[in-house]
Amino acid sequence: MEFLSDLQEHAFLQYALLTGLLASIACGMVGTYVVARRISYLAGAIAHCVLGGMGAVRYLQVVYQWQALKPLHGALFAALLAALIIGLVSLRAKEREDTVIGALWAVGMAVGIIFISRTPGYGQDLMSYLFGSILMVTPEDIWLIAGLDALIVGLVLLFYNQFLAVCFDEEFSRLRGLRVEFYYLLLLGITALTVVLLLTVVGIVMVIALLPLPVAVASRFSKTLWQMMALSALFSALFTTAGLALSYSPDLPAGATIIVLAGAVYLLVTIGFFFSRRLRPPQPALAKKQ
Amino acid sequence: MFTNRLNRKPKTPSEAKTAGDSSPVVFMENLSFSYDGPPVLEDVSLAISKGDFVSIVGPNGGGKSTLLKLVLGLIYPGQGTVRVFGLPPALARNRIGYVPQHAHLDLQFPVSVMDVVLMGRLGHRRTFGPYRSSDKDQAEAVLRELGLDRDYAHRHFSALSGGQRQRVLIARALVSDPDLLLLDEPTANLDVVSEHELYELLRLLNRRLSIVLVSHDLSFVSKYVHYVVYVKRTVRMRSASTLTHEAAHEILESEHRSVHHNPRYPGKGTP
């Protein structure tokens with residue numbers, strides 16, 4: 001309740017709420033592809049490489065006074081670069097894919113940690129990059145986030161059928177004349193943009209949970225890809241808003257609260273489905289099997 | 001010539017495309033292929049004509065899938081030539097309808113039957129944006145032809161039986177109006193009734209297009225197809241009706257040996 005009354009007074013809370021809602025749209029749409037195509041691992045690697053970009057920009061900002069650059073810009077650049085490299089690795093180096101991507105994951109992070117350790121000041125930056133700082137969002141950040149959101153939604157709507165086909169049956173799509181590699185890299189690029197959006201909300205470490213969890217809940221209630229996207233966005237908005245509100249009065253970290261909430265709902269839904277299936281009478285189809 | 005045209009059945013678009021086209025549907029000459037090792041296919045020559053119904057048989061690892069991939073232009077021969085409708089395979093793709101093994105698809109994937117069938121229209125349209133209503137009409141028409149009425153269009157792909165799923169994949173291949181239908185083990189994991197229905201369906205489709213399928217069981221397929229292509233590194237093509245007893249026996253013997261280890265095909269292949 002304190003959250004609701006303070007929401008009207010404090011701009012930072014409104015920004016936080018808006019950030020959560022904007023990020024949820026992209027999260028639901030892109031998370032659905034990430035889950036359906038089973039590339040959560042690649043999304044995780046992209047997220048962790050982002051630390052390198054953020055650390056480097058923070059270093060330039062403090063040591064060389066590059067005030068025009070923001071850590072979010074560094075994140076954007078690093079995420080897109082990581083998506084391109086990871087995409088090419090997963091297309092070309094089939095047999096060594098997990099090794100190379102695991103290495104990129106750690107190297108990206110290591111670069112960030114080195115830059116941050118060489119940056120004078122407190123270690124506060126590192127914590128906010130890793131675990132999110134939704135309460136620190138500025139109006140400028142909101143504009144960048146809204147712009148990225150519009151770009152992601154636009155691309156997904158434009159190429160919905162192509163992404164669907166390429167994710168479901170790559171070989172068939174290639175035979176129908178789709179440039180499969182192009183769409184795969186584009187999808188990873190969009191995933192990278194979504195990761196940047198989400199890391200303001202929950203930070204680098206927890207992106208890997210916020211991306212698939214709403215989809216995992218939504219998949220229980222949806223048959224087609226677009227239904228899953230819409231429901232995931234809805235659940236994502238629910239988790240971020242409720243997490244923000246719940247964390248406010250007891251002064252809990254907002255990002256962590258959002259993730260715990262999402263995980264708890266997923267667990268409850270899974271258990272619910274498990275028991276409802278067990279209580280149902282046995283399927284007649286099984287008896288017909290030859 | 002004019003009266004001649006009038007006397008014919010209504011022309012389908014696929015007939016219009018092939019009119020005056022005398023090239024064989026599939027043509028291979030002295031073709032060899034290997035994946036960084038011993039040759040998988042060696043000195044292969046064959047020709048499949050318009051209207052043929054051909055089954056590719058042979059032991060596992062004998063080169064059946066490789067042959068199919070060469071026809072689709074997914075891989076290129078080390079030596080020799082392959083032509084589809086007189087063109088390099090990659091250029092003939094818009095005239096090929098391909099039906100992959102449905103067991104390879106991710107059934108957790110959230111797609112409806114309509115979503116799957118519409119994928120077949122992707123090569124026929126602009127490169128982005130939604131499907132046109134003509135695409136949807138065509139998809140519905142093909143589903144109806146295959147005995148899957150409107151109720152099925154919005155069902156989840158994984159909620160179908162194996163035989164129905166196979167029909168949906170055939171619909172996806174047909175919706176681009178191909179002249180050649182390629183099927184990779186269409187009867188894998190199907191019960192005998194569905195298998196029979198599938199071959200009857202293919203026999204009907206063979207009236208308007210050429211069909212090449214990869215199959216494991218020769219005894220069943222030879223009742224339906226015109227030719228059997230036996231692949232085991234080298235290739236032999238035989239007319240199904242004049243398939244000699246010895247040849248059938250030889251093929252079945254090696255079939256039996258290859259399927260013996262495969263629990264998915266218990267007992268099949270034995271005469």
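## Basis of the values

Residues are numbered from 1 along each chain as its sequence is written, while chains are lettered from A and ligands numbered from 1 in the order in which they are written. The model is predicted, so local features need pLDDT of at least 70 and side-chain atom pairs count only at pLDDT 80 or more, whereas totals for chains, interfaces and linings use all residues; side-chain values use heavy atoms, with hydrogens and water left out.

## The two chains

Chain A has 14 helices and zero strands. Helices (H or I, at least four residues) and strands (E, at least two) are DSSP runs, numbered from the N terminus. Of the 290 residues in chain A, 50% are buried, where buried means under 20% relative accessible area, exposed over 50%, and partly exposed in between (1.4 Å probe, protein chains only). For residues at least 6 apart in the sequence of chain A, 75% of contacts join residues at least 24 apart; contact means heavy atoms within 4.5 Å.

Chain B contains 10 helices and nine strands. Its 271 residues are 52% buried. Of the contacts in chain B with a separation of 6 or more, 68% come from residues 24 or more positions apart.

## The interface

In the contact between the chains, 35 residues of chain B meet 23 residues of chain A. Together the chains bury about 2,600 Å², 63% of it on carbon and sulfur atoms. Buried area is the accessible area (1.4 Å probe) that two parts lose on being put together, summed over both. On the chain B side, Phe109(B), Pro110(B) and Leu122(B) lose the most area to chain A, together 23% of what that side buries.

Arg172(B) lies over the face of Phe172(A), 3.6 Å from the ring centre. A charge sits over a ring if NZ of Lys or CZ of Arg is within 6 Å of the ring centre and within 35 degrees of the ring normal.

## Aromatic residues of chain A

Tyr33(A), Phe159(A), Phe163(A), Phe182(A) and Tyr183(A) are linked into a cluster by ring pairs. Rings of Phe, Tyr and Trp (its six-membered ring) pair if their centres lie within 6.5 Å; planes under 30 degrees apart count as stacked, over 60 as edge-to-face and the rest as tilted. Phe182(A) also has Arg179(A) over its face, at 5.0 Å from the ring centre. Over all chains, the structure holds 16 aromatic pairs.

## Strand E7 of chain B

Strand E7(B) (residues 210-214) is largely enclosed by the rest of the structure, because five of its five residues are buried. In a regular strand the side chains alternate between the two faces of the sheet. Ser210(B), Val212(B) and Val214(B) are buried on one side of E7(B), and Ile211(B) and Leu213(B) on the other.

E7(B) pairs in the parallel sense with E3(B) (residues 53-57) over four bridges; two strands pair if DSSP finds at least two bridges between them. Val54(B) has Val212(B) as its bridge partner. E6(B) (residues 180-184) also runs parallel to E7(B), with five bridges, and Leu182(B) is partnered by Val212(B). From E6(B) the chain passes through helix H8(B) (residues 192-205) to E7(B) in a right-handed β-α-β crossover. Right-handed means that, with the strands pointing away from the viewer, the path from the first strand over the helix to the second runs clockwise.

## Antiparallel strands of chain B

E1(B) (residues 26-33) runs antiparallel to E2(B) (residues 41-48), joined by five bridges. Leu31(B) has Val44(B) as its bridge partner in E2(B). Five bridges also join E1(B) to E4(B) (residues 79-84), again antiparallel, with Phe27(B) opposite Arg83(B).
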